[in-house]
Each structure stands twice: as structure tokens, then as C-alpha cells.
Amino acid sequence: MTRKIRLGAFLPGGGQHVASWRHPDQPVDGATSFEFHKQLALTAERGLFDAYFLADGLAVGFGGAREGGNARVAGFEPVTLFSALAPLTTHLGFIATSSTTYEEPYTTARKFASLDLISGGRAGWNVVTTTGDLTAQNFNRETQLPHAERYRRAAEHVDVVRKLWESFEDDAFIRDKETGVFFDPAKLHDTNHRGEHFSVRGPLNVSRSPQGHPVIVQAGQSEDGRELAAATAEVIFTAQQHIETAQEFYRDIKARARGLGRNPDHILVMPGVSAFVGRTEAEAREKYDRLTSLILEEDGIGLLNGLTGGTLDLHGYDLDGPLPPAPPTEGMKSRQALIRQIADENNFTIRQLYQWIASARGHYTIVGTAERIADTLQTWFENEAADGFNILPPWLPTALDDFVDLVIPELQRRGLFRTVYEGRTLRENLGLPFPTNRWAAGRAVLEAAE
């Protein structure tokens with residue numbers, strides 16, 4: 001099959017941009033409106049997106065200022081939302097975020113396996129370690145775990161979840177009413193995991209889905225994050241500002257995966273892209289300028305306070321002066337470094353910086369026509385910078401409609417994007433292999449030896 005661009009749609013109901021809820025087109029209650037999320041899911045499927053993706057936070061104020069008017073202050077738990085949306089769609093995948101720091105592997109394995117069955121094999125798990133002391137204080141801690149410890153726990157957490165997803169072999173359920181045999185006990189397996197962070201007997205009480213188990217997604221860009229992604233992820237979301245840094249990340253991940261004995265073609269790297277699409281360059285710029293004009297200073301400052309690690313309070317600083325130094329924290333180290341990079345490379349003032357990152361928090365922003373946006377995606381895709389992209393429409397639903405109605409047809413015209421879905425499961429549409437159950441594989445080896 002000819003290699004095609006893969007596309008995720010990152011669609012928080014409150015919009016991506018810090019001021020999106022103030023736009024005339026955006027419903028003010030979009031973050032907690034099921035009908036609005038349903039509309040977004042149907043539009044994404046009309047556009048033949050691979051998956052609907054949602055990030056998730058475990059504290060009030062995720063992604064912006066608690067004090068300001070940011071619509072990202074509250075929203076749905078994504079697995080619950082996707083369980084309701086899945087039956088309303090037929091091909092669209094659903095990638096939900098869940099924390100390895102604040103959830104137990106059994107709970108994670110059970111809820112994602114359930115979503116995978118409900119959707120007919122269209123679920124994905126976005127693995128996050130979760131940062132921030134505010135979140136820690138919601139889970140019996142005063143401060144967040146150190147960065148390295150979070151990632152050690154994450155690696156073991158993913159390992160346990162994958163073992164639990166293999167509790168039943170694919171053909172374990174016989175369900176023969178005549179004989180009374182419901183399942184083959186020989187094809188149900190205990191997990192029996194004992195490690196540094198978890199002790200889990202198993203087995204999981206949810207069967208396998210049509211795609212085997214959910215697609216594993218990860219987004220870490222630090223050294224620890226890259227190691228975890230190369231070892232475990234099947235899709236990797238990443239924030240890159242230049243094709244050169246995107247190429248370095250892409251080649252590094254593929255090389256690490258190859259060194260671990262994995263097929264690098266089975267790991268899809270998908271940078272985030274926020275697109276302001278216009279029929280002309282002037283129209284696209286007008287859309288960008290209009291949304292930028294709606295940013296409240298309080299929200300812009302709150303956004304930067306969070307993305308720079310939470311130790312730097314920009315209240316009282318001259319907003320038309322430079323971003324002051326911020327010591328690195330145990331939070332999102334790669335994102336802290338990226339925000340500093342954006343400020344320094346562009347010589348941005350504090351105000352200019354929060355205006356630029358307001359739409360995508362460090363992901364790549366493009367303002368232009370469908371042709372210009374398609375040119376950029378094509379260049380990255382054809383030059384070892386991306387296997388696809390996670391699209392972040394700045395406000396909803398209009399910016400999603402713009403992408404579906406203008407950019408998708410241009411990508412299709414160039415032969416870069418599907419015109420129909422390849423299959424019914426998320427794996428089939430992403431071109432990822434069916435995961436072999438290790439118990440079944442072991443039995444096959446023994447039978448072949450006999």
C-alpha cells in the first residue's frame with residue numbers, strides 16, 4: 001500500500017486556543033456539551049481522520065489560568081465521553097489520555113479494553129506521566145514525583161497493562177450453548193507481575209477486541225520520554241517548531257526502536273499542527289488576528305506560568321519585555337525547553353510569546369491557504385519529519401470544518417491522503433499490525449516443534 005499521511009484530530013470541546021471560547025462561532029459550553037462533541041466526531045469522520053484525540057488533566061486549571069476565563073478549566077473524562085461517541089460513528093478511532101502516575105494498571109487496562117470492545121476495535125491509550133503539584137495534591141501527595149521516577153513507573157505500568165490485555169487469547173471464547181462450554185480455560189492466563197511499583201496477579205476480566213488491544217500512544221520528548229516511546233509506543237505525538245528538529249526527533253525515535261528490535265515502520269510519528277486556513281492568505285491572517293485579539297492578559301500570563309514549569313510568576317513583569325529566566329522543574333521538561341526556544345529564536349516579548357503559543361502551546365502553527373498548509377505537511381511527510389500529523393483546530397467547529405473542507409481535498413488531490421477508510425479498526429486505518437498474543441505465539445512454537 002502506498003504510504004499515506006495519518007491524521008489525528010485533537011478536539012477539546014472548549015477549543016484549542018486559550019481565547020477560543022470567546023469567538024462568535026464557538027459554543028460557550030462546548031467543553032461540557034455532549035451534542036457538540038458528537039458534532040465534532042461526525043465532522044472528523046466525514047474528513048476521514050484516523051482518530052479523535054483528547055488530552056486530559058487531573059486538576060482544575062489544566063492548560064491555562066485558574067484565575068482567568070479559560071474554557072479548558074473543566075471538561076469530560078475522555079474514556080467516558082468516547083464510550084458514548086463510539087456507537088455514533090463507524091470508522092473513527094478514539095485516543096484517550098490516562099495517567100500512569102495516578103492510576104493502577106488493572107483499572108487502566110480494564111477501561112481501555114472496554115472502550116476497545118464498545119468501539120469495535122477503535123480505541124487508543126495516550127500514555128502520560130502527569131505533571132504538577134496541584135494534581136499531586138488531588139492524589140494523596142504534596143508534590144509531583146520526580147521526572148525520572150515518573151518514567152520508571154510509566155514503563156512498568158505499560159508493561160503490566162499489556163500483560164493484562166493478553167489475559168485471554170483471541171479465540172478463548174467458544175460460547176457453545178449446546179455443549180455448555182463458554183470459554184477455554186487453557187486460554188486464560190494469570191499475569192503474576194511483581195515489580196518496583198506494582199504487584200498484579202490478574203487475569204483481566206475483559207476479552208480481546210477485533211484489533212487485539214488498544215493502540216498505544218505516547219508524547220514524551222525528553223530523554224526518558226523518548227526511551228519510553230521507542231520501547232512501547234505505536235503512535236507518538238510530538239511538538240516541533242522546525243522541520244530540522246522534527247527530522248532529528250523522527251530519526252532518533254526510529255533508530256532507538258530499531259535498536260530495541262522493533263520495526264520502525266510500526267511506530268508512527270505525528271507532530272502537532274495548528275492551522276488557520278483561509279481561501280486567501282489575507283483571510284487566514286484575519287482569522288488569526290481576530291482570535292489573537294480576544295486573548296485576556298490574565299489567560300496569556302497563566303498559560304505561560306504553567307508551560308514554563310509553574311515556578312515563574314509573570315504577574316508584575318512588563319509584558320512588552322523579554323521572558324525572564326525560569327529554572328527547570330520536575331514537570332514537562334521538554335515543553336519548558338521548547339517554550340524558551342520559541343521565545344529566544346523569535347526574540348518575543350512576553351505578550352508576543354503568549355499570543356503565538358495561545359493556539360497550540362508549542363505545537364507548530366500555520367497561517368495560510370489550503371495549498372500552503374498542504375505544501376508544509378507534504379514536505380515534512382516526504383522528508384523524514386512525520387508519518388502524519390495531530391491537527392489542533394484553534395477554535396471549533398469552524399476551524400475543523402475549514403480543514404476538512406479545504407485542506408483534506410487538497411491532500412487527496414495530491415494522492416497523500418485516503419479517499420475511503422482502509423478498514424474498521426484503528427490499527428487497520430493506521431496501517432499497524434495486529435498484536436500477537438504471546439501465549440498463543442508460545443503455543444504455536446511448541447506445536448511446530450512437535
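Biologist: Which residues does Arg-226 touch, not counting residues up to four places away in sequence?

Modeller: This is a predicted model. In it, Arg-226 touches Gly-220, Gln-221, Glu-248, Phe-249, Asp-252, Ile-253 and Arg-256, leaving aside residues up to four places away in sequence.

Biologist: Where is Arg-226 found? And is Arg-226 buried or exposed?

Modeller: Arg-226 sits in helix α6, residues 223-232. Arg-226 is buried, because its relative accessible area is 13% and the cut-off for buried is under 20%.

Biologist: Switching to the cores. How many residues has the largest nonpolar core?

Modeller: That core has 64 residues. Leu-7, Phe-49, Tyr-52 and Phe-403 have the most contacts inside it.

Biologist: Which helix gives the most to this core?

Modeller: Helix α13, residues 398-413. It contributes 7 residues.

Biologist: What does Tyr-52 touch?

Modeller: Beyond four places in sequence, Tyr-52 touches Ala-9, Leu-11, His-37, Leu-40, Ala-41, Phe-82, Leu-85, Leu-92, Gly-93, Phe-94 and Ile-95. There is also a second, separate core of 30 residues. Phe-276, Leu-307, Ile-339 and Ala-358 are included in that one.

Biologist: Phe-82 and Leu-85 are on that Tyr-52 list. Which residues are buried in helix α2?

Modeller: In α2, residues 78-85, the buried ones are Pro-78, Val-79, Leu-81, Phe-82 and Leu-85.

Biologist: Why do the buried residues of α2 line one face of the helix?

Modeller: Seen down the axis of α2, they fall within an arc of 160°, so they line one face. The general rule is 3.6 residues a turn in an α-helix, so residues three or four places apart point the same way.

Biologist: What covers the buried residues of α2?

Modeller: The cover includes α1 (34-46), β2, β3 (93-99) and α3 (105-118).

Biologist: What lines the largest cavity?

Modeller: Ala-113, Asp-116, Trp-165, Leu-204, Val-206, Ser-207, Arg-208, Ser-209, Gly-212, His-213 and Pro-214. By class, that lining is 5 nonpolar, 4 polar and 2 charged.

Biologist: And which residues line the second largest cavity?

Modeller: Among them are Leu-7, Asp-50, Phe-53, Ile-95, Met-270, Asn-390 and Leu-430. Leu-7 is also one of the residues with the most contacts inside the largest core. The strands β1 (6-10), β2 (51-54) and β10 (235-238) each supply at least two residues of this lining.

Biologist: How does this second lining divide by class?

Modeller: It has 8 nonpolar, 2 polar and 1 charged residues.

Conventions: Residues numbered from 1 in each chain as written. Predicted model: local features only at pLDDT ≥ 70, side-chain atom pairs only at ≥ 80, totals over all residues. Heavy atoms only, no water. Core = buried A, V, L, I, M, F, W, Y, C linked by side-chain atoms within 4.5 Å. Buried < 20%, exposed > 50% of the residue type's maximum accessible area, 1.4 Å probe, protein only. Helix = DSSP H or I, 4+ residues; strand = E, 2+ residues; numbered from the N terminus. Contact = heavy atoms within 4.5 Å. 1 Å grid on protein atoms, 1.4 Å probe; cavity = no way out; pocket = protein on both sides within 12 Å on 5 of 7 lines; lining within 4 Å. Nonpolar A, V, L, I, M, F, W, Y, C, P; charged D, E, K, R; others polar. Arc of directions from axis to C-beta.
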